[in-house]
Amino acid sequence: MLNLLHYPRLLIQELRVGDWLVVLAGLLCVFYLFQTLWSNEHATKVQIRLGDKIYATYSLNQQREVHVHGKLGDAVISIAQGKARFAKSPCHTQYCVHQGWLTRAGQAAICLPNQISLELLGETKPYDSLNY
Amino acid sequence: MRKGAISFLFVAILILGAFFLKSCFKEPIYHSQSYVFGTLVDISIYGETDERASLVANHVLQDFQDLHNRLHAWKPVAGNKPSGPQLSELGQLNAAFQKGNQPITISPDLAKMLIDATALSVKSNGLFNPAIGNLIGTWGFQRDEFNPVIVDDNKIKSLVKSNPCMTDIVISNNTAYSNNPMVKLDLGGYAKGYALDIAADYLRKQHVKNALINIGGNIMAIGQHHDQPWRVGIQHPRLPTAIATLDLPDGWAIGTSGDYQRYFMLNGQRYCHIIDPRSGYPAQHTQSVTVLVPPQAHSQTQAGVLSDVVSKPIFIEAPENRTKAALAFGIDNFMVIDDKSNIFVSKKMAQKLHWIDSGVKFTTLP
């Protein structure tokens with residue numbers, strides 16, 4: 001085996017179809033991980049703001065529900081493996097809940113009546129502020 | 001063995017040193033978020049100490065709150081008088097308009113705003129019309145929360161027929177009256193832009209060189225961030241994500257009017273807060289309009305106000321007249337997304353946008 005490493009040509013000749021498949025699978029795996037983990041848009045954390053204060057920052061790499069007491073009442077924020085959303089809100093319009101899952105860094109959901117906002121954070125911000 | 005330990009120590013010190021240096025050169029960026037103006041106000045300041053940045057940011061927020069209290073179109077504001085909540089300055093003016101054409105005293109800056117808003121309203125052929133407060137109220141958009149409203153078509157017709165116009169208002173020597181008692185001011189499409197201009201003016205006077213101010217989605221840039229211009233994302237009207245980003249250079253402002261922030265649904269139809277003064281009904285052929293405004297000459301209407309105002313006539317105007325509506329204000333950077341999610345971008349704007357999804361199809365307007 002050690003010998004094979006010293007003779008690259010021999011190495012290529014000795015590899016069977018299955019070996020090549022393993023190599024291919026490995027390359028694909030690396031490519032996939034590169035795409036998902038190293039892209040700028042990958043979000044790693046969710047920042048919850050209450051009023052003008054940062055309430056908490058949680059890793060997205062978990063499954064949990066966070067209860068936040070806003071101006072109107074209790075809101076429930078769900079975090080689930082890389083994404084976050086307003087699950088429940090005491091507000092009348094429910095715009096925040098209808099926003100659904102946030103998945104990319106820079107995405108935000110704001111509940112104006114209850115004064116709670118979510119923002120996904122990543123390695124780099126795709127923009128400094130959002131025009132809406 | 002000993003040699004190995006020494007080199008291990010050396011590497012460890014280098015790594016610790018690198019972390020230490022990195023923490024010393026932490027980006028000098030200050031960020032604050034508050035709920036003022038009935039919306040979210042977001043201020044970023046770059047290149048100042050945290051203490052100074054928070055000082056000037058709080059001053060800006062205080063100015064916004066004062067302006068909000070004075071210009072509130074429908075809510076009595078809590079005053080410090082024993083008589084309890086009082087009408088805002090704008091509310092008192094509206095009450096006076098309703099009573100008849102007796103002039104009342106208004107503050108110099110409100111007089112200035114009304115003169116400016118009147119000129120802009122004329123330029124927009126009346127499509128930007130802050131005098132239609134009665135219509136906006138009838139549609140239920142002068143509330144904190146919007147319930148579906150079934151309107152009385154006859155009431156809408158009679159309100160349109162009463163034809164409230166900015167030009168009905170007569171202003172002289174800081175007094176104002178209206179020739180039409182149906183004029184009811186709602187500066188919802190003007191005040192945020194005005195606040196942006198006030199804030200930018202204040203920050204520049206305080207020698208703050210780099211800041212980004214976002215009032216409920218309308219954004220104004222001062223200077224830049226690092227050695228790069230400030231970058232803003234434009235909200236997709238139907239998805240919880242940005243549709244595109246662009247660089248906002250020093251002194252530029254960006255504003256969007258959309259049907260997705262203030263609206264209600266009734267029988268599967270969307271009714272948004274942007275009302276066509278000609279029909280009295282919400283405009284339903286547009287999802288969003290974004291305008292990008294360069295710095296303006298000192299004597300002119302400033303970029304903040306334009307970023308707030310100009311998106312409205314483009315939103316309401318028939319598709320074939322959108323470019324004309326923008327050019328009436330000298331605006332050649334704009335984007336329209338219509339009710340079928342078709343995207344139209346002016347030629348100049350197309351060069352500035354970076355789409356989030358590379359496959360976006362859009363039509364370039366000449």
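View 1. Helix α2 (residues 50-71) of chain B counts 22 residues and spans 31 Å from first to last C-alpha, close to the 32 Å expected at 1.5 Å a residue (1.5 Å times one less than the number of residues). Helices are DSSP runs of H or I with at least four residues, strands are runs of E with at least two, and both are numbered from the N terminus. This is a predicted model, in which local features need pLDDT of at least 70 and side-chain atom pairs count only at pLDDT 80 or more, while totals for chains, interfaces and linings use all residues. Residues are numbered from 1 along each chain as its sequence is written, and chains are lettered from A and ligands numbered from 1 in the order in which they are written. The buried residues of α2(B) are B:Ala53, B:Val56, B:Ala57, B:Val60, B:Phe64, B:Leu67, B:His68 and B:Leu71. They cover an arc of only 125° around the axis, which puts them on the same side of α2(B); the arc is taken from the directions from the helix axis to the C-beta atoms. B:Glu51, B:Leu55, B:Gln62 and B:Asp66, on the other side of α2(B), are exposed. A residue is buried with 20 or more other C-beta atoms within 10 Å of its own, exposed with 12 or fewer, and partly exposed in between, with C-beta atoms placed from the backbone. The buried residues of α2(B) pack against β1 (29-36), β2 (39-46), α3 (89-99) and α7 (191-205) of chain B (contact: C-beta atoms, placed from the backbone, within 7 Å).

View 2. Strands β4 (residues 169-172) and β5 (residues 175-178) of chain B pair antiparallel over four bridges; pairing requires at least two DSSP bridges between two strands. B:Ser172 has B:Thr175 in β5(B) as its bridge partner. The hairpin has two residues between the strands, and B:Asn173 takes a positive phi near 50°.

**View 3. The open sheet of chain A.** Four strands of chain A form an open antiparallel sheet in the order β2-β1-β7-β6. β2 (53-59) and β6 (108-111) of chain A stand at the edges with a single partner strand each, so one side of each is left without a neighbour in the sheet. Four bridges join β6(A) to β7 (residues 116-122) of chain A, and A:Ala109 stands opposite A:Leu118 in β7(A).

**View 4. The contact between chains A and B.** The contact takes 31 residues from chain B and 24 residues from chain A. On the side of chain B that touches chain A, β8(B) gives the most, with six residues.

Methods: Contact = placed C-beta atoms within 7 Å.
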